[in-house]
Amino acid sequence: MKEIYQHYVKTSEINTPIFIKLSHADHNYWYNFKSDSNHIYDKNHYLYNTRSYRLGQMNSELFIRKSITGQYVIVLTSIMAKNIIIKERFAYLISLFSLNKKKYDIYFEKFSAGASESAFELFKYAFKMGDSCVYILEKGHPEYQNLKQQYGRALVEKNSFLAFYHIFLARSFQSSDLVGHIQRRLYDNDYLIKKKVLSTDKKIMLQHGPCMATNIFERGYFNRKVPIAPDYMLVNSDFEKNLFLNNTGYTEKELMVTGLPNIDLYVKEQQSEKNQITFMLTWRPWDLTGSIEVGSYLDRYFSFLELIRKEKFYKDKKINVILHPKSRIILQEQFPDIYEKYEESFYIGDIKDALLSSKVVISDYSSITFYAFAGGSNIIFYWEDKALAEVEYGAPNILQKEIAFGGIVEKFNDLHSEIVYSYNNPQSPFHTAQFSKLMECTSGHNTKNTYDYIQNIIFQNEHNPLEEESEFTISEKQSSAS
């Protein structure tokens, strides 16, 4: 287990496939460690896992799961309090014997840690309409208490009894990222929630951001063979819809061309005063390892911090230096001394607030560029390592020079002059035209249009007697089994 943990520290690999190595005088033979050499795809693979084993003082746990091919995989994850398991099981039992069997629409965002993306915007609209809706949020969120006062019982703490109870009575999951983020922790051996997710046919993904930056389709992000893949996907244009039709198993009926609800927030703030600058690079799992090399993700952040310290242009301006959430976690875990040194320089707060106040946003392959441009910001695409990134991603990015809607910088030394130019000039008509091809839904009514579309999905079989009988039978069987 210590060696597995050291492997994680060196490579950042959280999922490690297990192999059997047979040593021979001339050659080593490697065999996939699978429960059956002829294993075929089965949804039960997603449910299979061992219990978690704690790794002593390493602040981690380890368990083994199966991939969809039957391959055994070692998973390294965070430690979870034992009382969370007790609350979950108790909530499951209570949900089985609930008298009214009221169904809920469950809303959440990435890691259930935020309240600023499309899921929250849609939840607010559903709450106003009087729906049976619940928003799940970590209690540590800085606005949790204020939001709790505003939404009362409709807002519940992640990993609480009420959160688990409502999950088990869910009729839909509406999230800004894959439904797996509703689990107790990001990489989890949770059986009950996974089982509930598998039995729900209204998993609606509102997108963490438009799927038009990197080519996430080549990475299997929306592989319909994955048991918990969304049943419905929100898209922002015919351009994006065609990407899904050409690269995934989704059909036109499963793609909602209604536009991201939280784009409405940015559209409404296009004319507001913008005088800040935001620097935020996307997640790079390949170079967040046990050392910080020249040109790596973290090295670029440190170079930018040095730039704004050195150049007089930035002295009277608010500069938001934002780490990707995953990067922040790994920096804290792997380089605590460096994190402590730079901690005060990193932006803390709602990313949306930073973007809405920024005249210039510098990023590379992140979907935040779409939000920022919709809000009136000038975009700078910092593509110094684009060739390497596309190799690591496994495919060329979707967003290329011919459809980019901002300035392109390929060398760090050219970044400052591009920032100065973008700060002193409005959005160009050329970039606006480029953007409108990729993001058609910018009328400011995406929230209502998306809500109406989803309501039709949810209620199309609501009063079907056969479906009600089927649900009752399933509940009966569960009660008998318990």
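## Ground rules

Since we're looking at a prediction, local features need pLDDT of at least 70 and side-chain atom pairs count only at pLDDT 80 or more, while totals for chains, interfaces and linings use all residues. Residues are numbered from 1 along each chain as its sequence is written, and side-chain values use heavy atoms, with hydrogens and water left out.

## The sheet

Let's start with the strands. Helices (H or I, at least four residues) and strands (E, at least two) are DSSP runs, numbered from the N terminus, and two strands pair if DSSP finds at least two bridges between them. Seven strands make up an open sheet in the order 9-8-7-10-11-12-13, and the pairing is parallel. At the edges you'll find strand 9 (155-157) and strand 13 (255-257); each has a single partner strand, so one side of each has no neighbour in the sheet. From one strand to the next, the twist averages 25°. Angles here run from 0 to 180 degrees between N-to-C directions, with axes as lines fitted to C-alpha atoms, for helices over the stretch in contact.

Zooming in, strand 10 (residues 170-175) pairs with strand 11 in the parallel sense over three bridges. Phe173 stands opposite Lys203 of strand 11. Helix 4 lies across strand 7 (104-108), strand 8 and strand 10, and runs at about 145° to strand 8. Helix 8 lies across strand 12 and strand 13, at about 170° to strand 13.

## Aromatic pairs

Which numbers describe a ring pair? Rings of Phe, Tyr and Trp (its six-membered ring) pair if their centres lie within 6.5 Å; planes under 30 degrees apart count as stacked, over 60 as edge-to-face and the rest as tilted. Searching the whole structure turns up 38 aromatic pairs. In one of them, Phe120 and Tyr135 have ring centres 5.1 Å apart and planes at 70°, so the pair is edge-to-face. Phe120 is in helix 4 (residues 118-128) and Tyr135 in strand 8 (residues 133-137), so to speak a link between distant parts of the chain, 15 residues apart. Both Phe120 and Tyr135 are buried, where buried means under 20% relative accessible area, exposed over 50%, and partly exposed in between (1.4 Å probe, protein chains only).

Phe217 and Phe244 also make an edge-to-face pair, because their ring centres are 4.9 Å apart and their planes at 85°. Phe217 comes from the loop between strand 11 (203-205) and strand 12 (232-235), and Phe244 from helix 8 (residues 238-247), 27 residues apart. Phe217 and Phe244 are buried. Back at Phe120, there's an aromatic cluster formed by Tyr107, Phe120, Phe123, Phe127, Tyr135 and Tyr151.

## Lysines over rings

A charge sits over a ring if NZ of Lys or CZ of Arg is within 6 Å of the ring centre and within 35 degrees of the ring normal. The charged end of Lys66 sits over the ring of Tyr48, 5.0 Å from its centre. Lys359 does this over the ring of Tyr423, with its charged end 5.7 Å from the centre.

## Salt bridges

The count is 21 salt bridges, each being a side-chain nitrogen of Lys or Arg within 4 Å of a carboxyl oxygen of Asp or Glu. Glu88 and Arg184 meet in one of 3.1 Å, N to O. Glu88 lies in helix 3 (residues 82-96) and Arg184 in the loop between strand 10 and helix 7 (192-198), so the pair ties together parts that are 96 residues apart in sequence. Arg184 also bridges to Asp190, with the closest N and O atoms 3.1 Å apart. Glu88 and Arg184 are buried, and Asp190 is buried too. These residues belong to a network of salt bridges linking Arg54, Glu61, Glu88, Arg184, Arg185, Asp188 and Asp190.

Then there's Asp177 with Lys110, whose closest N and O atoms are 2.9 Å apart. Asp177 is in the loop between strand 10 and helix 7, and Lys110 in the loop between strand 7 and helix 4, 67 residues apart. Asp177 counts as buried at 2% relative accessibility, and Lys110 is buried with a relative accessible area of 14%.

## Ile368

Ile368 is in helix 14 (residues 368-374) and counts as buried at 9% relative accessibility. Neighbours within four places in sequence aside, Ile368 contacts Met280, Leu355, Val361 and Ser363. Leu355 is 13 residues from Ile368 in sequence and 8.3 Å away in space, C-alpha to C-alpha.

Key:
Contact = heavy atoms within 4.5 Å.
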